[in-house]
Amino acid sequence: MRSLVLGLQFGDEGKGKITDFVSGKDSIMVRYNGGTNAGHTVVTSRGTFKFHLLPAGSLRSKIIVLGNGMVIDPEALVQEINTIKPENPHIKIFISSAANVVTKLHKAIDRSQENMRGASKIGTTSHGIGPTYEEKYSRNGIRVGDLKDRNIVEQKLKLISRMRESELRGTEYESEEKLSALASDLCNFWPSIRDYVTRTESLLFNYVRDNEEMVFEGGHGTMLDIDFGSYPYVTSSNTISGAVHTGSGVSLRKISRIIGVVKSYTSRVGEGPFPTELTGEPADKLREAGSEYGTTTGRPRRVGWLDIPLVKYASELNDIDELSITKLDVLGTFREISLCTSYGKEVKNPMNVMMGFEKPDPEYIYMNSWGKLTESDIEEIVAKGYGSVPQEMKDYIGMIEKMVQKPVKIISVGKIRESTIIKE
Ligand code: GDP
Ligand code: IMO
Ligand code: MG
């Protein structure tokens, strides 16, 4: 089976947990977009693991592949590999030689661009993601395969610095010596990764031909897609299912199961439209109950109720086969749950709201909650299966299925790996 796990909201849906859940010891895991702006959490009996570059299934799969569509910070990569190797010593790692390299210079440009944007800032992670993709598309990008040749890296850094003079003004990367030192620093990572670097698409073609078990993991969320998301408050890559092809070389036709992960409410980090956003005391309550603080930056996440027009749009756009609903335990802390069913009669196209072209007047339905679940409630539900899920939770899930018109197959009721249930 070849599966794809991706998020249908603004990121942080719990993709990491679901990716880990669907992976096994024979899986080949593939990341195909983004960089360390992603933060995917997996909680096991051995601790909490935060993945930024490696796919979340890395704890128990046999092979991981970082595709060409990614932007890779070599320092972060080496650190992450060193953390994961002791957990899964026999894992094989492959990194695309065509993936682009994030450098400190790109992080400086990211910060400088945000400063220049002033009040209209995007609220990026300042991990240099946008500028690295800009470099890729301007065809000056440093690719992973370049790291073996210090001269190439130095020349490219100098060219980039000249072209981006105004963005780098006042930073240390105006100086030639700093650029030379940066080239050396980057190339010093080459010996640690050289054995992993290859044309990953050729490998992946073989795995597909051999019918290997494969799981592709999307970074970010659908509404952060550069084309279809809430532009300009998006990331700089495509996050929808189609990005698998351009970001790894594997055609979407080869993937038989697309799982759209939906948090049972909504969260967003950074700026941009958020039709169901809560403020004040209810927001604080939801943020605390769900521990909604960024995995990558630690920023408090904005939170709100589940937004069905958004999820429905994202599920059509990604052509998903099934939904996975996470963090249902968190909603149990509220007595009544609101669910946004429409942006109001005046709104002609819900996605105009995401682009800031139309103003929403969200309409809600209200449902009874299942109440706060104790640890032993969760253990019991997990042990007995979906039949033992509280009726109110089944009603909530049923309502989502009815409105989005997609079946829910996996639900998550706690952060640990085991708190996951397959709905038959
Ligand atoms: P991702 O970016 O989509 O992988 O999500 P993150 O890892 O950034 O954020 C999701 C957070 O929710 C993490 O802290 C997870 O450990 C946690 N989480 C995932 N599923 C559940 C769940 O069902 N219940 C609770 N309480 N926490 C969950
Ligand atoms: P995961 O994979 C949540 C957001 C940033 C910012 C915008 C642009 O963990 O779901 P960038 O640094 O990418 O240029 O920032 O996108 N963003 C995310 N928000 N989860 C993510 O990833 C995100 N990746 C980017 O907060 O608003
Ligand atoms: Mg995250």
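Me: In which helix does E201 lie?
Reply: This is a predicted model, where local features need pLDDT of at least 70, side-chain atom pairs count only at pLDDT 80 or more, and totals for chains, interfaces and linings use all residues. Residues are numbered from 1 along each chain as its sequence is written, chains are lettered from A and ligands numbered from 1 in the order in which they are written, and side-chain values use heavy atoms, leaving out hydrogens and water. Helices (H or I, at least four residues) and strands (E, at least two) are DSSP runs numbered from the N terminus. The run covering residues 200-209 includes E201, and that is helix α9.

Me: Is E201 buried or exposed?
Reply: With a 1.4 Å probe and protein chains only, buried means under 20% relative accessible area, exposed means over 50%, and partly exposed lies in between. E201 has a value of 17%, so this residue is buried.

Me: E217 next: what is its relative accessibility?
Reply: E217 belongs to strand β10, residues 214-221. Beyond four places in sequence, its contacts (heavy atoms within 4.5 Å) include V5, Y32, H40 and L54. E217 counts as buried because its relative accessibility is 0%.

Me: How long is the polar contact that joins the side chains of E217 and H40?
Reply: A polar contact is a pair of N or O atoms within 3.5 Å; within protein, one must be able to donate a hydrogen and the other to accept it, and residues adjacent in sequence count only if both atoms are side-chain atoms. The side chains of E217 and H40 form such a pair, at 3.0 Å.

Me: And with which side chain does T36 make a polar contact of 2.8 Å?
Reply: T36 is in the loop between β2 (28-31) and β3. T36 is buried, since its relative accessibility is 7%. H52, D73, H127 and T296 are among its contacts beyond four places in sequence. The side chain that pairs with T36 at 2.8 Å is that of H127.

Me: Which side chain has an N or O atom 2.9 Å from an oxygen atom of ligand 1?
Reply: Elements that each supply at least two residues of the ligand's shell are α1 (15-22), β3 (40-44) and α13 (328-331). Backbone atoms also approach oxygen atoms of ligand 1, with G39 at 2.7 Å and G14 at 2.8 Å. The side chain at 2.9 Å belongs to K327.
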